[in-house]
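Trainee: I would like to go through this model and ask where the labels come from. Please set each value against its cut-off.

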Amino acid sequence: DYPTMSAVGTYQCTAHGSDTIGHDILINNLTSVDYTKPDQDVLLNKIHEMDNALKALQNKMDELRNYSAVVTTLLRENTHLTECCNANSRKVDVLLHSVFSHVVNNSYFLSKENSSNITEAAAVCNRYDGYLVEITSAEQYHVIRDFLLLNSTNALGIFLGARKYGNTWRYSHSFRNVSYFNWDYGEPNPLTNYDCMYLQYRSNLKMFSFPCTSSFYQ
């Protein structure tokens with residue numbers, strides 16, 4: 001730091017003491033303070049140093065903000081993973097690895113997780129890169145029916161990948177016309193909105209129609 005004009009002047013310093021035999025000693029000294037106007041280059045260098053220090057602080061604050069964002073994201077992901085793990089631990093699923101390949105060249109997955117509607121049921125299949133089953137022949141129907149009877153769930157029925165569009169039933173995944181039916185007596189129901197197809201346990205897994213928002217199937 002540089003002295004201002006108010007500090008310019010001559011200053012006297014006086015010190016009192018004693019020598020080794022106890023005589024008083026008085027010491028005086030003078031000093032002068034002059035004022036020198038700071039050089040422009042010195043001022044510019046000082047401003048440059050302060051500017052660099054400010055930028056360093058701003059960079060540090062940005063790093064701390066980024067670190068805080070990363071920590072927040074990791075905590076959120078950890079919470080999500082924990083929730084997923086807890087949810088998955090409550091599911092009991094049976095995965096059939098190509099059990100029916102000699103009949104229909106497919107693999108089937110039976111979930112013990114109840115779905116509130118056909119959209120949720122399709123989402124469960126999508127998690128395993130699959131889709132709701134599309135029964136295209138009597139042979140396929142009987143193989144699936146026999147397996148379901150051996151591995152019953154607490155649901156009343158099983159969602160099938162077929163829906164009614166107007167007066168035509170189509171497969172939901174391939175969107176081809178349904179090629180095989182095994183309706184229960186009195187089915188399909190002619191009432192409005194009975195546009196989804198199920199296999200019902202109480203009717204020995206015959207096909208029947210029901211509103212797509214039903215929560216009694218899986």
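Mentor: Start with a cut-off: a residue counts as buried under 20% relative accessible area, as exposed over 50%, and as partly exposed in between. Keep in mind that this is a predicted model.

Trainee: Why is Lys55 called partly exposed?

Mentor: Its relative accessible area is 45%.

Trainee: What makes Lys55 and Asp51 a salt bridge?

Mentor: The closest N and O atoms of the two are 3.5 Å apart. The limit is 4 Å between a side-chain nitrogen of Lys or Arg and a carboxyl oxygen of Asp or Glu, so the pair of Asp51 and Lys55 qualifies. Both residues lie in helix H1, residues 40–89, four residues apart, or about one turn of the helix. Asp51 has 32% relative accessibility and therefore counts as partly exposed.

Trainee: What does the UniProt record say about residues 40–67?

Mentor: The unreviewed UniProt entry places a "coiled-coil region" there. In the model, residues 40–67 are 100% helix and 0% strand, with the end C-alpha atoms 41 Å apart.

Trainee: How do you know that the pair of Lys164 and Asp195 counts as a salt bridge?

Mentor: The limit is 4 Å, and 3.9 Å is within 4 Å, so the pair counts.

Trainee: What makes S5 and S6 paired strands?

Mentor: Four bridges join S5 to S6, and the two run antiparallel. Pairing needs at least two bridges, so S5 and S6 pair. Lys164 stands opposite Trp169 in S6. The two strands form a hairpin with two residues between them, and Gly166 in the turn has a positive phi of about 70°.

Trainee: Which other strand is joined to S5?

Mentor: S7 is joined to S5, residues 157–165, by four bridges, again antiparallel. The bridge partner of Ile158 in S7 is Leu199.

Trainee: How do you know that Asn189 makes a polar contact with Leu191?

Mentor: A polar atom of the Asn189 side chain lies 2.9 Å from the backbone nitrogen of Leu191. The limit is 3.5 Å, so the pair passes on distance. Asn189 is found in the loop between S6 and S7. Leaving aside residues up to four places away in sequence, Asn189 touches Lys164, Tyr194 and Ser209.

Trainee: How many helices and strands does the protein have?

Mentor: There are four helices and eight strands. Of the 218 residues, 24% count as buried.

Definitions and conventions. Residues numbered from 1 in each chain as written. Predicted model: local features only at pLDDT ≥ 70, side-chain atom pairs only at ≥ 80, totals over all residues. Heavy atoms only, no water. Contact = heavy atoms within 4.5 Å. Polar contact = N/O pair within 3.5 Å; in protein donor to acceptor, adjacent residues only side chain to side chain. Buried < 20%, exposed > 50% of the residue type's maximum accessible area, 1.4 Å probe, protein only. UniProt positions renumbered as here; feature names shortened; annotations may be inferred.
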